[in-house]
Amino acid sequence: MEKRKSEQLFNRAQQLIPGGVNSPVRAFRAVGRHPFFVERAQGPWLIDADGNRYLDYVCSWGPGILGHAHPKVIEAVQQACEKGLTFGAPTAGEVELAELIQACVPDVELVRLVSSGTEAVMSAVRVARGFTGREKIIKFAGNYHGHSDGLLVKAGSGLMTQSVPDSAGVPAGYAASTLTAVYNDEESVSRLMEENRGQVAAVVVEPVAANMGVVPPKPGFLEFLRRITEDEGALLIFDEVITGFRLALGGATEYTGVSADLHTFGKIVGGGMPLAAYGGRRDIMSCVAPLGAVYQAGTLSGNPVAVTAGITTLKILMEDRGIYERLDCRAAKLAEAYRQEGLAVNRAGSLLSAFFVPGWDSADGAADRTGRQKEGGRSIENYEDACGCDTQAFAAYFNRMLERGIFVAPSQFEAMFVSDAHTDALIEMTCEAIRASVRQGET
Ligand SMILES: *Cc1c(COP(=O)(O)O)cnc(C)c1O
C-alpha cells in the first residue's frame, strides 16, 4: 500500500495542527499507525492522497447513511451555493428542515438549528437548567455528548483511548454538577437522584450508546429513566446525535418506543455538513431566546447550504421506507460474521461493534435490541465492561482490515456504521475479510 503522500501531508500537518488532526481520533494513535489523508469519496469508498481505495465503515462517524457524495445531495448543495453561502437572516430552508424533523420525531414541537452536536447537547442542557431552575445533571460513564465543559466528565469516544478518562482544563465546579451513573444500571441512577433530591435538572443519555462501542439499553432501562425523571421533576434528554435518523426515521423514540422531553440531533441531520439541532416539548423550548430567558445564538446557525444538505438527505430517507430494513439486514450479516469468529457483538440497526474481550466464550450473550442473552452469559453492558477489551488485539485486527482495503473505526470504542451504499456483495466481501482478519490474529 503506497503511503508517501499521506506521510508527507501528515508531517506538514504535525507542524501546525495539534497531532496533525482537527479531531483526536483521526490521528490513528490507538491503532499504532499514521492516518491516511482523504482525497475524495464516492458511495461506500474513500480514496486517499496516494490513490488507495478503502471500503468505508466509518462514514464520517455517522452522517454518511446514504454513502458519500450522493448525487441528489451534491446537486442540491451546488444549487444552494450559487444563491450565496450565508445571509445571517432567516431562509425558507430552515422552516422546511424544522418541519421535516418534526414529521420524523413528533415529540419535537419546537426545534433550534445549531452547527455541531456539541453545541446541540450543550444548549439542551442549558435549556433544561433554565426550565427547571436546577443545576445538576446526570450522565452515564462512557456516553459522549460532545466536548463542552460540563459533559466531558467520564465521556466515551476519543477519551477512552487517552490515558486519562477526563479532560484537563475543565473547572472542578463543572465536574461537581455533573453526576455520573452506570449505563444500564437503574440502581446507580436511583441513588444519585436520592442523594440530590430536587437538584437534578436532567438525565442526559445516549438512548443506544455508541461511543464506548455500541451498547444497547437493556429492556426497561429507558422506560425506567422516563419514569424516574418524571417522578423527580427532572427532564429526560435523548442525545440522538448518532441515533437520530439512523435507527429509524424517528430515531430512538421510534426504535424503542420511549419518548424524551428534549432530543439532540447531529451527524445525519446535516447530510454531511456542519449542522445539528435540539428540540422537544413546546413549553420547555419556549425558554429559548428570543422567546425566553435562555440565551443561545449562532452566526452560521441554519446555514443555507448545510440546511439544503440536511433537507435533501432526510427527504431521501423518508421516500425510501425500505432503507432501514435493508441496513438492518446488512448489519446483521456483519454481526454474524464477527460472532462466528468468537467476538462479542453488540448491534442496534445499522450500528454495531465487535469487542475483543479476553477469554470471551461464544456461548456468552450478546446484547441486541431485545436484550437477548444466554442464561448466565456475559455481555458488554456498560463502560467498565467495554474497558476490559484487548485494545492491542483490536489494533492488530484494524491494521489487517485496512491492509485488505477495509476501513473500520480506528478504535475499539467506536461504532461500525453501515450505509445504503454497502451493497450485499460488498457486505459479503467484508465478511470474508472479517473471517481472515480475526483468524489471523489467533495464530
Ligand atoms: C458525535 C456526538 C456528539 C458531538 O457532535 P459533534 O458534531 O462532534 O460536536 C454528541 N453526542 C453524541 C452522541 C455524538 O455521537
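Mentor: E1 pairs with strand E2 (residues 45-48) in the antiparallel sense, over four bridges. Here strands are DSSP runs of at least two residues, numbered from the N terminus, and two strands pair if DSSP finds at least two bridges between them. Within this pair, Ala41 stands opposite Leu46 of E2. Both strands belong to an open sheet of four, ordered E1-E2-E3-E13, whose pairing is mixed. Its edges are E1 (38-42) and E13 (406-407), each of which pairs on one side only.

The model is predicted: local features need pLDDT of at least 70 and side-chain atom pairs pLDDT 80 or more, while totals for chains, interfaces and linings use all residues. Residues are numbered from 1 along each chain as its sequence is written, and side-chain values use heavy atoms, without hydrogens and water.

Among the polar contacts (N or O pairs within 3.5 Å), a ligand nitrogen is 2.6 Å from a side-chain N or O atom of Asp239. A ligand oxygen is 3.1 Å from a side-chain N or O atom of Asn211, and a ligand nitrogen is 3.2 Å from a polar backbone atom of Tyr144. The protein covers 82% of the 380 Å² of accessible area that the ligand has on its own (Shrake-Rupley method, 1.4 Å probe).

Terms used: Polar contact = N/O pair within 3.5 Å; in protein donor to acceptor, adjacent residues only side chain to side chain.
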